[in-house]
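Me: I'm new to this one, so please take me through it slowly. Start with the terms and conventions I need.

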Amino acid sequence: MNSSNGNGSMSTASSSGAWDGRDQFPAGLRVLVVDDDPTCLMIFEKMLKTCLYQVTKCNKAETALSVLREHKNGFDIVISDVHMPDMDGFELLKHIDSEMDLPVILISADATKQIVMKGVTYGACDYLIKPVRIETLKNIWQHVVRKKARNTLLEIKY
Amino acid sequence: MDVVNQLQRQFIDYSASLHREGFLDDQFTQLQKLQDDNSPDFVVEVASLFFEDCEKLINNMARALEQQQGVDFKQVDASVHQLKGSSSSIGAMRVKDVCIAFRSFCEAQNREGCLRCLQQVTHEYSLLKNKLQTLFRLQQQILAAGGSIPVVE
(Lines give C-alpha, C1' and ligand atoms only; values in the text may rest on other atoms or scores of the structure.)
Protein backbone atom coordinates (compact mmCIF):
# COMPACT_ATOMS: atom_id res chain seq x y z
CA MET A 1 0.00 0.00 0.00
CA ASN A 2 1.27 3.41 -0.81
CA SER A 3 0.24 6.68 0.65
CA SER A 4 0.72 9.70 -1.52
CA ASN A 5 -0.26 13.19 -0.59
CA GLY A 6 1.62 16.44 -0.49
CA ASN A 7 3.35 15.64 2.79
CA GLY A 8 4.05 12.02 1.96
CA SER A 9 2.65 10.73 5.24
CA MET A 10 -0.55 8.96 6.25
CA SER A 11 -1.20 11.06 9.35
CA THR A 12 -2.18 14.17 7.41
CA ALA A 13 -5.10 12.42 5.78
CA SER A 14 -6.87 11.65 9.04
CA SER A 15 -5.73 14.30 11.50
CA SER A 16 -6.81 17.19 9.31
CA GLY A 17 -10.40 16.14 9.94
CA ALA A 18 -13.30 16.27 7.52
CA TRP A 19 -12.81 17.75 4.10
CA ASP A 20 -14.17 21.23 4.49
CA GLY A 21 -14.22 21.95 0.82
CA ARG A 22 -14.95 25.62 1.18
CA ASP A 23 -11.76 27.39 0.21
CA GLN A 24 -9.99 25.29 -2.37
CA PHE A 25 -13.09 23.33 -3.32
CA PRO A 26 -12.88 20.58 -4.49
CA ALA A 27 -9.12 20.39 -3.99
CA GLY A 28 -8.02 18.32 -1.03
CA LEU A 29 -10.73 15.70 -1.49
CA ARG A 30 -9.38 12.61 0.27
CA VAL A 31 -9.56 9.66 -2.08
CA LEU A 32 -8.72 6.01 -1.49
CA VAL A 33 -8.16 4.19 -4.77
CA VAL A 34 -8.00 0.39 -4.94
CA ASP A 35 -6.85 -1.63 -7.98
CA ASP A 36 -4.71 -4.76 -8.20
CA ASP A 37 -3.45 -3.67 -11.63
CA PRO A 38 -0.27 -1.62 -11.10
CA THR A 39 -0.54 0.20 -14.45
CA CYS A 40 -4.08 1.39 -13.75
CA LEU A 41 -3.23 2.28 -10.16
CA MET A 42 -0.36 4.51 -11.30
CA ILE A 43 -2.54 6.24 -13.89
CA PHE A 44 -5.39 6.81 -11.38
CA GLU A 45 -2.99 8.23 -8.84
CA LYS A 46 -1.57 10.70 -11.37
CA MET A 47 -5.02 11.74 -12.59
CA LEU A 48 -6.39 12.20 -9.08
CA LYS A 49 -3.34 14.21 -8.02
CA THR A 50 -3.76 16.39 -11.11
CA CYS A 51 -7.30 17.05 -9.84
CA LEU A 52 -5.57 18.29 -6.65
CA TYR A 53 -7.09 15.49 -4.58
CA GLN A 54 -5.26 13.83 -1.70
CA VAL A 55 -4.62 10.29 -2.89
CA THR A 56 -3.94 7.04 -1.06
CA LYS A 57 -3.55 3.94 -3.17
CA CYS A 58 -3.95 0.24 -2.36
CA ASN A 59 -3.51 -2.82 -4.50
CA LYS A 60 -5.64 -5.08 -2.29
CA ALA A 61 -9.20 -4.77 -1.01
CA GLU A 62 -8.22 -6.16 2.39
CA THR A 63 -5.50 -3.56 2.83
CA ALA A 64 -7.98 -0.86 1.80
CA LEU A 65 -10.41 -2.08 4.44
CA SER A 66 -7.78 -1.95 7.22
CA VAL A 67 -6.72 1.52 6.13
CA LEU A 68 -10.34 2.68 6.26
CA ARG A 69 -10.88 1.10 9.67
CA GLU A 70 -7.66 2.57 11.06
CA HIS A 71 -8.48 6.03 9.79
CA LYS A 72 -12.17 6.56 10.45
CA ASN A 73 -13.20 9.91 8.92
CA GLY A 74 -9.90 10.01 7.11
CA PHE A 75 -11.38 9.67 3.66
CA ASP A 76 -14.14 11.28 1.64
CA ILE A 77 -14.58 8.74 -1.12
CA VAL A 78 -13.40 5.30 -2.25
CA ILE A 79 -12.73 4.26 -5.85
CA SER A 80 -12.35 0.54 -6.37
CA ASP A 81 -11.80 -1.86 -9.23
CA VAL A 82 -14.32 -4.69 -9.37
CA HIS A 83 -12.24 -7.70 -10.38
CA MET A 84 -9.56 -8.35 -7.82
CA PRO A 85 -8.26 -11.65 -6.48
CA ASP A 86 -9.18 -12.51 -2.85
CA MET A 87 -11.74 -9.80 -2.11
CA ASP A 88 -13.49 -8.15 -5.07
CA GLY A 89 -15.01 -4.68 -5.37
CA PHE A 90 -18.53 -5.83 -4.54
CA GLU A 91 -17.47 -7.40 -1.27
CA LEU A 92 -15.41 -4.35 -0.38
CA LEU A 93 -18.45 -2.20 -1.12
CA LYS A 94 -20.63 -4.33 1.18
CA HIS A 95 -18.13 -3.97 4.03
CA ILE A 96 -17.78 -0.22 3.56
CA ASP A 97 -21.55 0.19 3.42
CA SER A 98 -22.10 -1.66 6.67
CA GLU A 99 -19.17 -0.17 8.58
CA MET A 100 -18.73 3.34 7.28
CA ASP A 101 -20.71 5.98 5.55
CA LEU A 102 -18.59 6.54 2.46
CA PRO A 103 -19.52 6.93 -1.18
CA VAL A 104 -17.94 4.16 -3.28
CA ILE A 105 -17.29 4.31 -7.02
CA LEU A 106 -16.71 1.01 -8.79
CA ILE A 107 -14.49 0.74 -11.86
CA SER A 108 -14.06 -2.08 -14.34
CA ALA A 109 -13.04 -2.94 -17.86
CA ASP A 110 -16.36 -4.83 -17.95
CA ALA A 111 -19.30 -2.94 -19.33
CA THR A 112 -22.09 -5.49 -19.40
CA LYS A 113 -25.48 -4.26 -18.26
CA GLN A 114 -25.71 -7.04 -15.69
CA ILE A 115 -22.55 -6.11 -13.90
CA VAL A 116 -23.31 -2.39 -13.91
CA MET A 117 -26.76 -3.27 -12.51
CA LYS A 118 -25.09 -5.35 -9.83
CA GLY A 119 -22.86 -2.44 -8.89
CA VAL A 120 -25.72 -0.03 -8.62
CA THR A 121 -27.97 -2.40 -6.64
CA TYR A 122 -25.09 -3.14 -4.25
CA GLY A 123 -24.98 0.56 -3.52
CA ALA A 124 -22.15 1.95 -5.61
CA CYS A 125 -22.73 5.65 -6.18
CA ASP A 126 -21.28 5.28 -9.67
CA TYR A 127 -19.88 2.65 -12.01
CA LEU A 128 -17.09 3.75 -14.33
CA ILE A 129 -15.70 1.85 -17.27
CA LYS A 130 -11.98 1.72 -18.07
CA PRO A 131 -10.34 3.65 -19.59
CA VAL A 132 -11.33 6.40 -17.18
CA ARG A 133 -10.74 9.96 -18.29
CA ILE A 134 -9.57 12.72 -16.00
CA GLU A 135 -12.71 14.76 -16.78
CA THR A 136 -14.79 12.06 -15.07
CA LEU A 137 -12.58 12.09 -11.97
CA LYS A 138 -12.86 15.88 -11.78
CA ASN A 139 -16.56 15.42 -10.99
CA ILE A 140 -16.45 12.77 -8.26
CA TRP A 141 -16.68 15.38 -5.49
CA GLN A 142 -20.40 15.60 -6.39
CA HIS A 143 -20.97 12.17 -4.86
CA VAL A 144 -19.44 13.31 -1.58
CA VAL A 145 -21.54 16.47 -1.43
CA ARG A 146 -24.69 14.60 -2.43
CA LYS A 147 -24.23 12.02 0.32
CA LYS A 148 -23.51 14.67 2.95
CA ALA A 149 -26.58 16.65 1.88
CA ARG A 150 -28.76 13.56 2.03
CA ASN A 151 -27.44 12.66 5.50
CA THR A 152 -28.07 16.18 6.76
CA LEU A 153 -31.64 16.04 5.44
CA LEU A 154 -32.21 12.73 7.24
CA GLU A 155 -30.84 14.20 10.46
CA ILE A 156 -33.19 17.16 10.22
CA LYS A 157 -36.19 14.94 9.51
CA TYR A 158 -35.59 12.66 12.46
CA MET B 1 17.65 24.97 -33.60
CA ASP B 2 17.41 23.21 -36.93
CA VAL B 3 18.29 19.85 -35.40
CA VAL B 4 15.58 20.28 -32.78
CA ASN B 5 12.98 21.18 -35.41
CA GLN B 6 13.92 18.15 -37.46
CA LEU B 7 13.68 15.84 -34.47
CA GLN B 8 10.37 17.37 -33.39
CA ARG B 9 9.04 16.90 -36.94
CA GLN B 10 10.13 13.25 -36.81
CA PHE B 11 8.46 12.82 -33.44
CA ILE B 12 5.18 14.32 -34.62
CA ASP B 13 5.16 12.19 -37.78
CA TYR B 14 5.99 9.03 -35.88
CA SER B 15 3.33 9.72 -33.26
CA ALA B 16 0.77 10.37 -35.96
CA SER B 17 1.62 7.10 -37.70
CA LEU B 18 1.23 5.15 -34.45
CA HIS B 19 -2.23 6.63 -34.02
CA ARG B 20 -3.13 6.11 -37.67
CA GLU B 21 -2.08 2.46 -37.58
CA GLY B 22 -4.11 1.86 -34.46
CA PHE B 23 -1.24 1.13 -32.09
CA LEU B 24 -2.21 4.02 -29.84
CA ASP B 25 -5.49 5.79 -29.24
CA ASP B 26 -6.59 8.97 -27.54
CA GLN B 27 -6.01 7.56 -24.07
CA PHE B 28 -2.26 7.67 -24.73
CA THR B 29 -2.56 11.36 -25.59
CA GLN B 30 -4.39 11.83 -22.27
CA LEU B 31 -1.42 10.31 -20.46
CA GLN B 32 1.03 12.55 -22.32
CA LYS B 33 -1.00 15.55 -21.19
CA LEU B 34 -0.74 14.39 -17.57
CA GLN B 35 3.05 14.51 -17.73
CA ASP B 36 4.37 17.64 -16.04
CA ASP B 37 7.35 19.02 -14.14
CA ASN B 38 6.36 17.03 -11.06
CA SER B 39 6.55 13.79 -13.03
CA PRO B 40 8.63 14.42 -16.18
CA ASP B 41 9.02 10.70 -16.90
CA PHE B 42 5.43 9.73 -16.24
CA VAL B 43 4.66 8.23 -19.65
CA VAL B 44 7.87 6.21 -19.83
CA GLU B 45 7.27 4.92 -16.29
CA VAL B 46 3.69 3.89 -16.97
CA ALA B 47 4.72 2.22 -20.24
CA SER B 48 7.47 0.23 -18.46
CA LEU B 49 5.00 -0.86 -15.80
CA PHE B 50 2.56 -1.87 -18.49
CA PHE B 51 5.13 -3.98 -20.36
CA GLU B 52 6.15 -5.72 -17.14
CA ASP B 53 2.52 -6.38 -16.34
CA CYS B 54 1.83 -7.56 -19.89
CA GLU B 55 4.60 -10.13 -19.81
CA LYS B 56 3.39 -11.49 -16.50
CA LEU B 57 -0.20 -11.79 -17.70
CA ILE B 58 0.82 -13.40 -21.00
CA ASN B 59 2.85 -15.97 -19.06
CA ASN B 60 -0.16 -16.67 -16.82
CA MET B 61 -2.36 -17.22 -19.85
CA ALA B 62 0.18 -19.48 -21.56
CA ARG B 63 0.57 -21.57 -18.40
CA ALA B 64 -3.17 -21.93 -17.93
CA LEU B 65 -3.70 -22.89 -21.58
CA GLU B 66 -0.95 -25.51 -21.42
CA GLN B 67 -2.72 -27.55 -18.75
CA GLN B 68 -3.27 -30.98 -20.25
CA GLN B 69 -5.69 -32.06 -17.53
CA GLY B 70 -8.16 -29.38 -18.53
CA VAL B 71 -7.86 -25.69 -19.09
CA ASP B 72 -9.22 -23.39 -16.40
CA PHE B 73 -10.82 -20.87 -18.75
CA LYS B 74 -11.88 -18.72 -15.82
CA GLN B 75 -8.25 -18.26 -14.92
CA VAL B 76 -7.32 -17.39 -18.50
CA ASP B 77 -10.24 -14.98 -18.66
CA ALA B 78 -9.19 -13.27 -15.45
CA SER B 79 -5.76 -12.50 -16.94
CA VAL B 80 -7.23 -11.38 -20.26
CA HIS B 81 -9.68 -9.16 -18.43
CA GLN B 82 -6.88 -7.49 -16.52
CA LEU B 83 -4.87 -6.99 -19.71
CA LYS B 84 -7.92 -5.47 -21.36
CA GLY B 85 -8.17 -3.00 -18.49
CA SER B 86 -4.52 -1.98 -18.46
CA SER B 87 -4.13 -1.83 -22.26
CA SER B 88 -7.22 0.36 -22.60
CA SER B 89 -5.99 2.59 -19.78
CA ILE B 90 -2.64 3.18 -21.46
CA GLY B 91 -4.13 3.56 -24.95
CA ALA B 92 -2.75 0.34 -26.41
CA MET B 93 -5.64 -0.07 -28.83
CA ARG B 94 -4.52 -3.11 -30.82
CA VAL B 95 -3.65 -5.08 -27.69
CA LYS B 96 -7.04 -4.17 -26.21
CA ASP B 97 -8.85 -5.30 -29.36
CA VAL B 98 -7.21 -8.73 -29.26
CA CYS B 99 -8.26 -9.02 -25.61
CA ILE B 100 -11.89 -8.45 -26.58
CA ALA B 101 -11.78 -11.34 -29.06
CA PHE B 102 -9.78 -13.40 -26.57
CA ARG B 103 -12.51 -13.08 -23.93
CA SER B 104 -15.15 -14.46 -26.32
CA PHE B 105 -13.03 -17.55 -26.87
CA CYS B 106 -12.58 -17.95 -23.12
CA GLU B 107 -16.33 -17.74 -22.64
CA ALA B 108 -16.84 -20.34 -25.37
CA GLN B 109 -14.11 -22.47 -23.75
CA ASN B 110 -12.43 -22.71 -27.13
CA ARG B 111 -8.79 -23.70 -26.52
CA GLU B 112 -7.69 -23.33 -30.15
CA GLY B 113 -9.21 -19.89 -30.41
CA CYS B 114 -7.56 -18.91 -27.15
CA LEU B 115 -4.17 -20.11 -28.30
CA ARG B 116 -4.52 -18.10 -31.52
CA CYS B 117 -5.39 -15.00 -29.51
CA LEU B 118 -2.49 -15.60 -27.18
CA GLN B 119 -0.17 -15.61 -30.19
CA GLN B 120 -1.77 -12.44 -31.51
CA VAL B 121 -1.59 -10.62 -28.21
CA THR B 122 2.07 -11.58 -27.79
CA HIS B 123 2.76 -10.28 -31.28
CA GLU B 124 0.92 -7.00 -30.73
CA TYR B 125 2.64 -6.47 -27.41
CA SER B 126 6.14 -6.87 -28.97
CA LEU B 127 5.26 -4.57 -31.84
CA LEU B 128 3.97 -1.91 -29.45
CA LYS B 129 6.97 -2.24 -27.17
CA ASN B 130 9.36 -1.65 -30.09
CA LYS B 131 7.39 1.28 -31.41
CA LEU B 132 7.13 2.98 -28.04
CA GLN B 133 10.82 2.48 -27.41
CA THR B 134 11.49 4.23 -30.72
CA LEU B 135 9.13 7.05 -29.71
CA PHE B 136 10.78 7.45 -26.33
CA ARG B 137 14.22 7.44 -27.94
CA LEU B 138 13.12 10.31 -30.18
CA GLN B 139 11.89 12.13 -27.08
CA GLN B 140 15.26 11.71 -25.42
CA GLN B 141 17.04 13.03 -28.50
CA ILE B 142 14.82 16.10 -28.56
CA LEU B 143 15.46 16.83 -24.90
CA ALA B 144 19.20 16.22 -25.27
CA ALA B 145 19.27 18.73 -28.15
CA GLY B 146 17.62 21.28 -25.85
CA GLY B 147 14.16 21.13 -27.34
CA SER B 148 10.75 20.35 -25.85
CA ILE B 149 8.40 17.49 -26.63
CA PRO B 150 5.54 18.59 -28.89
CA VAL B 151 2.05 17.47 -27.83
CA VAL B 152 0.37 15.60 -30.68
CA GLU B 153 -3.42 15.88 -30.70
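Predicted model: local features only at pLDDT ≥ 70, side-chain atom pairs only at ≥ 80, totals over all residues.

Reply: A contact means that heavy atoms lie within 4.5 Å. Residues are numbered from 1 along each chain as its sequence is written, while chains are lettered from A and ligands numbered from 1 in the order in which they are written.

Me: Among contacts in chain A between residues at least 6 apart in sequence, what percentage join residues at least 24 apart?
Reply: Chain A has 158 residues, 49% of which count as buried; buried means under 20% relative accessible area, exposed over 50% and partly exposed in between, with a 1.4 Å probe and protein chains only. For contacts between residues at least 6 apart in chain A, the share that joins residues at least 24 apart is 68%.

Me: In what order do the elements of chain A run?
Reply: Helices (H or I, at least four residues) and strands (E, at least two) are DSSP runs, numbered from the N terminus. Chain A holds seven helices and six strands. Starting at the N terminus, its elements run β-α-β-α-β-α-β-α-β-α-β-α-α.

Me: How many helices and strands does chain B have?
Reply: The C-alpha atoms of chain B fill a box of roughly 65 × 30 × 20 Å along the principal axes. Of its 153 residues, 48% are buried. Reading from the N terminus, the elements go α-α-α-α-α-α, and the totals for chain B are six helices and zero strands.

Me: Which residues of chain A does the annotation "domain: Response regulatory" cover?
Reply: UniProt positions use the numbering here, feature names are shortened, and annotations may be inferred rather than shown by experiment. Over the stretch in question, chain A is 46% helix and 21% strand, with its end C-alpha atoms 13 Å apart. The UniProt annotation (unreviewed entry) "domain: Response regulatory" covers residues 30-145.

Me: Is A:Asp81 buried or exposed?
Reply: An unreviewed UniProt entry carries the annotation "modified residue: 4-aspartylphosphate" at A:Asp81, a residue in strand β4 (residues 77-81) of chain A. Setting aside residues up to four places away in sequence, A:Asp81 touches several residues, including A:Asp35, A:Asp36 and A:Lys130. Because its relative accessibility is 5%, A:Asp81 counts as buried.

Me: Which three residues of chain B supply 28% of the area that chain B buries against chain A?
Reply: The size of an interface is often given as the accessible area lost when the parts come together. Here buried area is that loss of accessible area (1.4 Å probe) when two parts are put together, summed over both. Chain B and chain A bury about 1,800 Å² between them, with 61% of it on carbon and sulfur atoms. The three residues that supply 28% of the area chain B buries there, more than any other three, are B:Leu34, B:Leu49 and B:His81.

Me: Which residues of chain A does B:His81 touch?
Reply: In an unreviewed entry, UniProt places "modified residue: Phosphohistidine" at B:His81, and this residue sits in helix α4 of chain B. B:His81 has a relative accessible area of 7% and is therefore buried. Leaving out residues up to four places away in sequence, B:His81 touches B:Arg103 and, from chain A, A:His83, A:Ser108, A:Ala109 and A:Asp110.

Me: Which residue meets B:Asp36 in a salt bridge?
Reply: A salt bridge is a side-chain nitrogen of Lys or Arg within 4 Å of a carboxyl oxygen of Asp or Glu. Chain B and chain A have three salt bridges between them. In one of these, at 3.1 Å from N to O, the side chain of B:Asp36 meets that of A:Lys46.

Me: Which element gives the largest share of the side of chain B that touches chain A?
Reply: On that side of chain B, α2 (26-34), α3 (42-66) and α4 (73-90) each supply at least two residues. With eight residues, the largest share comes from α4(B).

Me: Which residues of chain A are in contact with B:Ser86?
Reply: B:Ser86 is found in helix α4 of chain B, and its relative accessible area of 0% is why it counts as buried. Apart from neighbours within four places in sequence, B:Ser86 contacts B:Phe50 and B:Asp53 and, in chain A, A:Asp37, A:Thr39 and A:Cys40.

Key: Heavy atoms only, no water.
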